[in-house]
Amino acid sequence: MRFLNVLNANIRREYLLLKRYMPNTIAMIITFYVLFLGMFAGISLIGDPSSQDTNIQYVIVNYIFWFLAMLVVNDIGWQITNEATQGTLEQLGMSPIGIWKIMMSRLISTTIIEFIIIIALLYLSMLTAGQWLNVDVLSILPILILTLISMFGLGMIIAGFTMILKQIQAFLQILQFLLAGLTFVPLSVAPFLAFFPFVKGIDMVRDVMINGVSISQFPIGDILILVFNAVFYFGLGLIIFLRCERFAMQKGLLAHY
């Protein structure tokens, strides 16, 4: 019940932040839409005409997931930095619910609120490109949920390190390009990436949206890899965050910036 109350409070918080700082929200949407326009223009002008439609579809799916990965993984690091800068990080540590549950509720609330923006960008991109993907909700939703769980784990790792180091903005900027690499590189080129966080899920969603594959058509091995990644990376992320939190408390790092 406590966690649900914290989750509800953070959902309201995320909504108010997006609403109150509307110019920043609009600028974020425009920035990512312009990035898509650049990719779309590049494929249209210099791409192979015979595979142009497929390439554009790949770009739409990949760039949407890149945006999602940055929101989930990167944003929590910025939030920890802001809390430390404002001197409120120690207050989170004094909460009876624990810092990790507060951070997890923020990850979930950010995903829920900004998912509306992601859906809007998806349909705007399809309208711009004239390419309509197969949005099979029943097939996409379970894959997406498991993919998000592995993203949450990676986000908790970033949050844990940020709690100790405080200033990791340069790393977060580099991480944007690493996330782009994991998002855009297909598994057919690098099969070993299937065991990296969220890569397998994105590849499966591409199959659903581009090739029209339903979730029942995926081999059991693909489903097992997806579940394994979700459990492994979420568990790893939680363990690393809790150890970083304990270290920060022992060294008195929560009270200092």
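Predicted model: local features only at pLDDT ≥ 70, side-chain atom pairs only at ≥ 80, totals over all residues.

Biologist: Which residues lie nearest the centre of the largest pocket?

Modeller: A pocket is an open set of points on a 1 Å grid over the protein atoms alone, where a 1.4 Å probe fits, with protein on both sides within 12 Å along at least five of seven lines; lining residues have an atom within 4 Å of a point. Here 25 residues line the largest pocket, and Asn 24, Met 28, Asp 75, Trp 78 and Glu 114 lie nearest its centre.

Biologist: What classes of residue make up the lining of the second largest pocket?

Modeller: Ala, Val, Leu, Ile, Met, Phe, Trp, Tyr, Cys and Pro count as nonpolar, Asp, Glu, Lys and Arg as charged, and the others, Gly among them, as polar. The lining of the second largest pocket has 17 nonpolar, no polar and no charged residues, whereas that of the largest pocket has eleven nonpolar, eight polar and six charged.

Biologist: Against which helices do the buried residues of H9 pack?

Modeller: Helices are DSSP runs (H or I, at least four residues), numbered from the N terminus. Buried means under 20% relative accessible area with a 1.4 Å probe, protein chains only. Buried residues of H9, including Tyr 233 and Phe 241, pack against H5, H6 and H8.

Methods:
Residues numbered from 1 in each chain as written. Heavy atoms only, no water. Buried < 20%, exposed > 50% of the residue type's maximum accessible area, 1.4 Å probe, protein only. Helix = DSSP H or I, 4+ residues; strand = E, 2+ residues; numbered from the N terminus. Contact = heavy atoms within 4.5 Å.
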